[in-house]
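Here are my notes on the structure you asked me to look over. Keep the 3D view open while you read them.

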Amino acid sequence: MDRQQPDVRLALCDLWQAFGAVALLTRYGPDVPWPHRSWAREAHGALTPRLRSVVALARRRGRVPSFLGPGIASRRTGITEELDDLARTPAAPVRDEIAREYPAAVEDPVIAALIRDTENQLRYLAADFANFWRVAVEPREAGLARCLEEEILFRSRTLAMSGGAALLHELGLPLERTDGPGRLTAVPMMFADGTHWWSVAGGRTAVSFAARGAGLLHTGPKRDGAAQDRREDRLAILLGRGRASVVRELAEPITTSALADHLGLAASTVSQHLSALVSAGVVQRHRAGTRVLYELNRSGMTLTQCLMSQQASQG
């Protein structure tokens, strides 16, 4: 294989999304920086000592144990299947990997139990992740899935047009961590703290990167009532209610027609709002295949963060 064209693939892994979310909460507690803050306050109670200890294994070098998402495949499975695989992982490879890659971790009672009673502890760990997913991720699962799928579609264009090396450069991923001659799987993460989590399994290295559109975690599940109206006032006062509603939906990449469907507005009205927001420099557009996607750019996210932070401090 040409060393300038590494074998790069894109893949999704729900278990890594959960791992990233646990890592954020373990690092910051309930006060995770924006755009994850409101989500963190709801999700923090689902942490367990077992989840914290597994994240601690990876924190120092960023290396995720291979039993968390073994051989991340290019096909989409789902959290249930991934946790079933985790619970069925053979004991010997788990013990060998901990001894080889994380020798100091045996001082942690949770990891010591994992070594001593691997089969049962893996089942307990899978159950902890399942409960964490139900509490912390599932309420936002539809938006997360849509955003991650759009991310894969968007990055696939670079991969197809310019090759694997160009994609790795675009994402800032460390090519030197590949196992063998450039065999790497890039995994987009919605819950990211700047760490390139990585793992080696099945002759490939999986490396995470931060997906765009993480601002959707700030808005949270849809709610009705006066509490939502108060939180939205500042944005509506500045932009007008129509454009404010558009901005809140643009935390993730979305097409004009889909946005119109979500908001119950005419496509022509949404198009006018988007044109104004693009001209104002707070929204960006890009093409993914035959579709044109819109999302907040850095200025738009900063503006939203500022207004929401002021509202929270006075609310």
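The numbered points below go from the whole chain to single residues.

1. Overall make-up. This is a predicted model. The protein has 315 residues, of which 49% are buried. Its secondary structure consists of 15 helices and six strands. Among contacts with a separation of 6 or more, 68% are between residues 24 or more positions apart.

2. The open sheet. Four strands make up an open sheet, ordered β1-β2-β4-β3, and their pairing is mixed. Strands β1 (7–10) and β3 (198–201) are at the edges; each has a single partner strand, so one side of each has no neighbour in the sheet. From one strand to the next, the twist averages 25°. As background, the strands of a sheet pair through backbone hydrogen bonds, and the pairing is either parallel or antiparallel.

3. The pair β1 and β2. Strand β2 covers residues 183–189 and runs parallel to β1, with four bridges joining the two. To find this pairing in the view, look for Arg-9, which stands opposite Thr-185 in β2.

4. Helices on the sheet. Helix α8 packs on the sheet and touches β1, β2 and β4 (204–210). The direction of α8 makes about 155° with that of β1. Helix α9 lies across β1, β2 and β4, and runs at about 60° to β1.

5. How α8 meets α9. Helix α8 spans residues 141–162 and helix α9 spans residues 164–171; they pack at an angle of about 140°, and their axes are 7 Å apart. On the α8 side the contact is made by Arg-155, Thr-158, Leu-159 and Ser-162. On the α9 side, Gly-164, Ala-166, Leu-167, Glu-170 and Leu-171 take part.

6. The hairpin. Strands β5 (residues 283–288) and β6 (residues 291–296) run antiparallel and are joined by six bridges. His-286 has Leu-293 in β6 as its bridge partner. The two strands form a hairpin with two residues between them. Gly-289, in the turn, has a positive phi of about 70°.

7. The nonpolar cores. Which residues have the most contacts inside the largest nonpolar core? They are Trp-16, Trp-39, Leu-68, Leu-86, Phe-129 and Phe-132, in a core of 66 residues. Helix α1 supplies the largest share of this core, nine residues. There is also a second, separate core of 16 residues, including Ala-244, Val-246, Ile-254 and Val-282.

8. Asp-14. This residue lies in helix α1, which covers residues 14–28. Is Asp-14 buried or exposed? Asp-14 counts as buried because its relative accessibility is 6%, and the cut-off for buried is under 20%. The side chain of Asp-14 reaches the backbone nitrogen of Ile-79 at 3.2 Å.

9. Gly-62. This glycine is in the loop between α3 (49–59) and α4 (79–87). Gly-62 also counts as buried, because its relative accessibility is 3%. Leaving aside residues up to four places away in sequence, Gly-62 touches Thr-195, His-196, Trp-197 and Trp-198. Val-207 is 145 residues from Gly-62 along the chain, yet their C-alpha atoms are separated by 9.6 Å.

Conventions: Residues are numbered from 1 along each chain as its sequence is written. This is a predicted model: local features need pLDDT of at least 70, side-chain atom pairs count only at pLDDT 80 or more; totals for chains, interfaces and linings use all residues. Side-chain values use heavy atoms; hydrogens and water are left out. Buried means under 20% relative accessible area, exposed over 50%, partly exposed in between (1.4 Å probe, protein chains only). A polar contact is a pair of N or O atoms within 3.5 Å; within protein, one must be able to donate a hydrogen and the other to accept it, and residues adjacent in sequence count only if both atoms are side-chain atoms. Two strands pair if DSSP finds at least two bridges between them. A nonpolar core is a set of buried Ala, Val, Leu, Ile, Met, Phe, Trp, Tyr and Cys residues joined through side-chain atoms within 4.5 Å. Contact means heavy atoms within 4.5 Å. Axes are lines fitted to C-alpha atoms, for helices over the stretch in contact, and angles run from 0 to 180 degrees between N-to-C directions.
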